[in-house]
Each structure stands twice: as C-alpha cells, then as structure tokens.
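Q: Could you take a close look at a single part of this model and describe how it is set among its neighbours?

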Amino acid sequence: MALTKTPIELSSTPGIVDNSNATAITIDSSENVGIGASSPSAYYSGADNLVVYQASGEVGMTIATGNNSVGAIYFADSPTGAAAYSGGIAYTHSSDTLSLIAGGAGKTIIDSTGNITPATNASMDLGSTGA
C-alpha cells in the first residue's frame, strides 16, 4: 500500500472517507494526482498532473452533464477569452454531436450518424464559452 500524506482538513472533509484498506487517491509531493496510481509522477511528465490507473480490465473517465448541456475537455493557454478553450473536445447532448475545437474555434462536427462536417461558429454549441 502506498503511503499518502493526508492533511487534517482533507480527512475531516465530508464525502472523503479515509478509513479504507487501500489508497484510492494519491497527491504526491509534486502535487500530481493519482486515482488508483500511487506514483503519478512516474508517468510521462507532460501528462502526469492527473493519472487514472487500473491494473486490469477497462479504465476510464466520465464527464456527465444534463441532456441539454455540453460536456467538454478544453486545452487552455489562459483563463480568459478564446485562450480558455484554444483546443478541445465537446459533446452537445441536445444534438448528439461531438465537436473538435482548435485555435479557439470549432473546426469539425461529428453527428450521431457518423457524418463529419466542417464547423462554423454558428453551428457550434460550446456551452458558456461561446466560441
């Protein structure tokens, strides 16, 4: 079992249970987070801020939103303007479309039938970012 340093304020936070017999979440000295990974900094340094690991079977991550909402992963240069979503992947539930964002604007839309079309800003629904 990995040794993890749990601050007092974390162990007393409602919703966080620290009496299990295994380490589920590790925050290492570099402030990298491992879910199921006891040494997240051991992974590629360009992508070790969050490591999700499972020794066997499937592993994944879910972004769950309402059926009239957009779920997304954005790549940002800055927290403001179009730089807050310079690149990304967004799923719009109301239209069942997957959008690819580059340069702060929508570039490609894949619809539920698999059709791929170029995007226009008017055709993109990126939620509150408004690209």
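**Strand β6 in its sheet**

A: An open sheet of five strands, with antiparallel pairing, runs in the order β4-β5-β6-β7-β8, and its edge strands, β4 (70-75) and β8 (116-118), each pair on one side only. On average, neighbouring strands of this sheet are turned by 20° against each other, direction ignored, where axes are lines fitted to C-alpha atoms and angles run from 0 to 180 degrees between N-to-C directions. Strands here are DSSP runs (E, at least two residues) numbered from the N terminus, and two of them pair if DSSP finds at least two bridges between them. The model is predicted, so local features need pLDDT of at least 70 and side-chain atom pairs count only at pLDDT 80 or more, while totals for chains, interfaces and linings use all residues. Residues are numbered from 1 along each chain as its sequence is written, and side-chain values use heavy atoms, leaving out hydrogens and water.

On one side, β5 (residues 87-92) and β6 pair in the antiparallel sense over six bridges, with glycine 88 as the bridge partner of isoleucine 101. These two strands form a hairpin with four residues between them, and aspartate 96 in the turn has a positive phi of about 50°. β6 also pairs with β7 (residues 105-110), in the antiparallel sense, over five bridges; here isoleucine 101 stands opposite glycine 106 and alanine 102 opposite alanine 105. In this second hairpin, with two residues between the strands, glycine 103 takes a positive phi near 65°.
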